[in-house]
Amino acid sequence: MLAKAPRGTRDILPEEVEKWSTLEAFFRNLCKNYNYREIRTPIFEHTELFSRSVGEDTDIVGKEMYTFFDKGKRSMTLRPEGTASTVRAFLEHKLYAQAQPTKLFYFGPMFRYDRPQAGRYRQFHQLGAEVFGSVSPEIDTEVIALAMDFFHSVGLNQLSLEINSVGCPQCRPIYREEIQKTLDKYRGDLCPDCQGRFENNPLRILDCKVENCQEITETVPDILDHLCSFCVQHFEDVVYFLKLLDISYHINPKLVRGLDYYTKTAFEIVDTGLGSQNSLGGGGRYDGLVETCGGSPTPGVGFAIGVERVLLSLEQQNIQTKLLGVPRIFVAALGTKASARGLQLMTELRRLGIAAEKDYQDRSLKAQMKQADRVGASIVLILGEEELEKGKIVIRDMVKGDQQEVDLEGVTDFLRSSL
Ligand code: AMP
């Protein structure tokens, strides 16, 4: 007992931590390029924040929260997700008073008392982004692009982006009634969870994973045929911008997501090879959430990506995460003079933001090539005394296996334009 971590939690050992920090670094860099700024909120919040925002009738609030009374008899909850806390901070610190939109990102542990299995933990970690203050469908598309760019940057190119609209307070209630009307005759055949959802949260029946419920929901008409004209226009615009940015997507009218606060756009990124826990990330628009949390009406849109699932997916697809973020360039220099010039060159590359490494042990060329391979470099710059004298350097592409000689003076420009 004492020598075992609580069920649903895990230690992340040093070798794995490197993969984690690489993923974090990729995400941070990307967010910086997209002009999102990091926010760090507390691990626990007043329980009410989650019950009000995520929704009383959701699985998260109903069954999965780690709720406790502190010594002051206040009800506290370990955060099950990041959006509610970000909204609370947005209001508490009046971030709305700054020029909008406010674009934020976060990284950290989340807690849900769920049944642990492969890819599902009680303490897991999310990378997330939120944008407040813009109704533009361009922003929906931007957050989707950010999530997809992240997946591509770590080497996950085979994922499916599923997208839907869950409507707004004008059109959703009509659709809810439509679901109830259609499913009424099958009510007794639904799983016990869905029987409960029938009154409180009928939309959630649509994404129930129980096979029988899935068959029954085939009879439910598409939400996309029941949206009001504003929601239709918004959805069409998001899809148009996705096309414009060359982002492939799959419209899934059954996608509703597990949190109540979504309006209009809902999306999920799925790895179809992952089995039952195949969702790597998801998000959507939540135009009513800030108001629900006590602010004035402020639109919002965001997503969260599960780090454990990303690592699982990388592992399963045999993508060498150890290659992520490792030196791309290895400088193999031979002899004292070339080594000094190599040191200069490597530093120059590092200052340009290109990860680089060299040998410091005066190894043979063969040994240095092995070392380059070991650290995962995709390019080796070979600089011997002879090349140095000619003012040349050899660029060897470790992936293609070919090499070429270029001018030593122009090599950084050459690499910058070709990388
Ligand atoms: P959600 O906050 O429910 O929208 O989930 C966003 C992402 O967090 C999911 O796509 C998963 O990748 C991840 N996630 C959610 N719940 C868990 C869990 N219990 N264990 C591991 N990852 C999770």
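How many nonpolar, polar and charged residues are in the lining of the largest pocket? The first view takes this up.

**View 1. The lining of the largest pocket, by class.** The lining has 16 nonpolar, 15 polar and 18 charged residues. Here Ala, Val, Leu, Ile, Met, Phe, Trp, Tyr, Cys and Pro count as nonpolar, Asp, Glu, Lys and Arg as charged, and the others, Gly among them, as polar. This is a predicted model, where local features need pLDDT of at least 70, side-chain atom pairs count only at pLDDT 80 or more, and totals for linings, chains and interfaces use all residues. Residues are numbered from 1 along each chain as its sequence is written, and side-chain values use heavy atoms, without hydrogens and water.

**View 2. The centre of the largest pocket.** Of the 49 lining residues, Arg112, Asp114, Arg120, Gln277 and Arg309 lie nearest the centre. A pocket is an open set of points on a 1 Å grid over the protein atoms alone, where a 1.4 Å probe fits, with protein on both sides within 12 Å along at least five of seven lines; lining residues have an atom within 4 Å of a point.

**View 3. The second largest pocket.** Look for Arg172, Arg176, Asp260, Tyr261 and Tyr262, the closest to its centre of the 24 lining residues. By class, this lining divides into nine nonpolar, seven polar and eight charged residues.
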